[in-house]
Amino acid sequence: MDQQGQDGLLTTYREGWRNRSVVGLAISALLVSFYVVLYWEHKVQQHFGVAPLTAISEAAGLRNRWYLYGFLYSIAMIMGGIYYLKRHGNSRYNRFRITVNVAIQIALGFTLPFIMPLFGGQELYFSYFWPLKYDYLYPQTLVDLPLYFALYTVVGSLLAAPVLAVLYGKRWYCSWVCGCGGLANTFGDPWRHLTSKSTKSWRFEQVSIHLVLAIAIATTFLIGLDWWIGGDHPAFHRIVAGDHWQDWSIKSFYGFAVGAILAGVIGVGLYPVFGPRVWCRNFCPMAAVLGLVQKLGRYRIKVKPDMCISCGNCSTYCEMGIDVRSYAQTNESFTRASCVGCGMCAHMCPRGVLKLESVTRKRRSTP
Amino acid sequence: MRIVIIGNGVAGMEAARAVRNREPSWEITLISEESDHFFSRTALMWVFSGQMSHRDIEPLERDAYQRLGFRRVRARATGIDIVSRRVSLAGGHEPIAYDRLLIASGSRPRPGPWPGSDARGVGHFVTLQDLDWYEREVHGGASRGGGPPRPRAHADPSAGDSPYRFREVAAEHRGQLARQPAVIGGGLIGIEAVEVAVAAGLRPHFFIREEWFWPIALDRREAQWISDRMAQHGVEVHLEHDVEALETDADGNVSAVRTNQGRYESDCVVVGIGVTPNTGWLADTAIELDERGGIAVDEGLQTSAPDVFAAGDCASVRWFDGTRRPEQLWYTARDQGRVAGGRLLGGVPRYERGTWYNSAKLMDIEYTTAGLVNWTLDRESDWFFEETGKVRSTTRVVVQDDHVVGFNMLGRRWDHTVLIRWIEERRSLDWVLAHLNDAAFDTELVPPLQVLRA
């Protein structure tokens, strides 16, 4: 490992595969194809007579293709984590954060859900909460879950997650726990400079992410309503909660549009084109909720006054497309809803201008 | 009101924006020979290495001129007629009339004084055109992030010694990229040129005239750490080497650096021996320059000519010790730009520089300084502490009589505003050491500095 822990950082724009070259676009196409097959393998089977991922899963003893996905996901995070440490490992914050994030994916995102059914339990994901894991607050799901986990997921989603975001910012989840964020920060790290910093992209994000949040809340509400009254109103039930893709109920539409297309196909498939946080920045309803809470909480990026040289390393390497430099050069400590607290701006700054902090407003030494 | 600003660097752009904020209808013209867009010169090294794209180092979006209603003139200013109030331009452009004028023409690299300094393959690392040259020598061209738009819009055959002219590239004449670069001059530009050559996979020579690297800022112990780090990365650090000549081959390409201690083969030489005010083009005007070539200005940044102001690297301003000289720093240029903007608006703000401070990153080692360091004051003593372990750092506190006057810190981050406050409050060394971590600005999870007192 490089002494500076920044192997490959200085040469970011000199590597084609990281800058939308043919190779980069081919990687993107490969990822998109993978997700299309993953989500719609039954269609592939209809047309070609084979279910490739299921076949591989069974051969590998992974029960079904979702465990294969979880396995590949973990491998991608481990390999990406090593790559990340080579580039940014000279920062303690980065080292701790990425290690915890990868460990949580391996333990709670793959191993535990894989093992639980062996002991007769359900596969449960302790590291995901509503509204990201949208079905965990559906009444029928809650009824079917073991009581302890039902309590865990309700308290976690509605109380613990927002409270922790007040105390530490949304980073406790988006950059330390979440699997989507973890994949973006590890496997997606080679492309983090590609996230757009334009004002236009900021406007788009503000509309899109809150729109998805509104749809997520409305969907959960309608599905809850359906659980109470759906039995008496079969038409309502079919529109809200018909279970198959072909039926195009609200429930299946949300799963298709948000769960599969936005989070998977676009969210990960386009890493090499638009940067690794496309999903987190523009569409994730969990990020939207935590972002709104973050604005009210303790977390902020503190700017050391009159030291910024406007070089732009902070903005370039912000995976969420925040123009950090615009705050740094005007001596403005700030909290942005989209900031996931990855710490890269502070790490990249050659003048030590930026610092992430979670302190009460009273204890802040500078305004 | 017609405002004309020569130079679209940080001083010029800051002044232009200050004027626009208050006066939406005034006509503001920005003249730049170098670039269409305002960019951060401090970030050129990262464009070269590929850590940033050219677009990344521009602090404003590309529609800034249009949005703010600035007129862009991409040309070289050749003189100022202070009687008829006109700026003359090279390349057949009409002269531009002004009511109030700001000169913010910045610095230019000091040319090498040795024989062979103008050979093909010898250049600097200060301007966009220098960057273009160095990239062609070492990488064969810009990264996938691309170069600036309209790079040659200012091209002008008469621009013989302009710092923004394009240089011939030895690598293109040789048909082979540079393999053995050499960098001359043990300062910040030198170490940047060296670091990015290392990132390109090369092992550059680094010729330093003095006993140790950057003696104006570091002492021997501090510099030793930096030199060790450079050596670990494959830099050939040559201390106490006085360059005597740059040798060329039969085709006129640079081939070696000859110093008082030997001859070193080299196919690309970056001369980083400092910058001087870019004011040669004012020689024939009535605007007064000082002996260093800086534009003489008063506390309000006014030059000797009516309604003509100067800000940034080209202006000689009063320092805290009473001397007048240019102050070649990013944030002082920005502050001066703001004051100049106030003057262009007709106000009378003054430029006042407080206690000195600065920071840098030397390879991967961060550096913060505040106050009087390396001034060898009377009755001065140093308190020095080297931390090894999880974090490596050095702390140097300069004391005069019974109070601290300066700080020189490597390896950790410090809030210079706190350090400056302690200097101004004339705190004792004991008090400062007991409170040192109040000034810490390290990122989270970095253990605090534990000072061991003998």
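Predicted model: local features only at pLDDT ≥ 70, side-chain atom pairs only at ≥ 80, totals over all residues.
Which residues is Phe213(B) in contact with, leaving aside its neighbours within four places in sequence?

**View 1. Surroundings of Phe213(B) in the largest nonpolar core.** Leaving aside neighbours within four places in sequence, Phe213(B) is in contact with Gly186(B), Gly187(B), Ile191(B), Phe206(B), Ile208(B), Leu218(B), Ala223(B), Ile226(B), Ser227(B), Met230(B), Leu239(B) and Leu362(B). The largest nonpolar core has 217 residues, and Phe213(B) is among those with the most contacts inside this core, together with Tyr173(A), Leu354(A), Ile103(B) and Tyr134(B). Helix H4 (residues 65-88) of chain A supplies the largest share of this core, seven residues. Another core, of 13 residues, lies apart from the largest one and includes Phe207(B), Val243(B), Leu246(B) and Tyr264(B). In soluble globular proteins, nonpolar side chains tend to be buried together.

**View 2. An open sheet of five strands in chain B.** The strands follow the order E3-E2-E1-E7-E19, with parallel pairing. Strand E3 (70-73) and strand E19 (308-310) of chain B each have a single partner strand, so they stand at the edges and one side of each is left without a neighbour in the sheet. From one strand to the next, the twist averages 20°. Strand E7 (residues 100-103) of chain B runs parallel to E19(B) and is joined to E19(B) by three bridges. Within this pair, Ile103(B) stands opposite Ala310(B). Ile103(B) is also one of the residues with the most contacts inside the largest nonpolar core.

View 3. Strand E23 (residues 365-371) of chain B runs antiparallel to E26(B) and is joined to E26(B) by five bridges; here Thr369(B) has Asn408(B) as its bridge partner. Strand E25 (residues 393-400) of chain B is also antiparallel to E26(B), through seven bridges, and Thr394(B) is the bridge partner of Leu410(B). The hairpin of E25(B) and E26(B) has two residues between the strands, and Asp401(B) takes a positive phi near 55° in this hairpin.

**View 4. The interface of chain B and chain A.** The contact takes 53 residues from chain B and 51 residues from chain A. Between them the two chains bury about 4,300 Å², of which 48% is on carbon and sulfur atoms. Three salt bridges are found across the interface of chain B and chain A. The side chains of Asp306(A) and Arg334(B) meet in a salt bridge, at 2.8 Å from N to O.

**View 5. Leu213(A) in helix H10 of chain A.** Helix H10 (residues 199-229) of chain A contains Leu213(A). Because its relative accessible area is 9%, which is under 20%, Leu213(A) counts as buried. Not counting residues up to four places away in sequence, Leu213(A) touches Pro131(A), Pro285(A), Ala288(A), Val289(A) and Leu292(A). Leu213(A) and Ala287(A) are 74 residues apart in sequence, and their C-alpha atoms are 9.0 Å apart in space.

Definitions and conventions
Residues numbered from 1 in each chain as written. Chains lettered and ligands numbered in written order. Heavy atoms only, no water. Pairing = 2+ DSSP bridges. Helix = DSSP H or I, 4+ residues; strand = E, 2+ residues; numbered from the N terminus. Axes fitted to C-alpha atoms, helices over the stretch in contact; angles between N-to-C directions. Core = buried A, V, L, I, M, F, W, Y, C linked by side-chain atoms within 4.5 Å. Buried < 20%, exposed > 50% of the residue type's maximum accessible area, 1.4 Å probe, protein only. Contact = heavy atoms within 4.5 Å. Buried area = accessible area lost by both parts, 1.4 Å probe. Salt bridge = Lys/Arg side-chain N within 4 Å of Asp/Glu carboxyl O.
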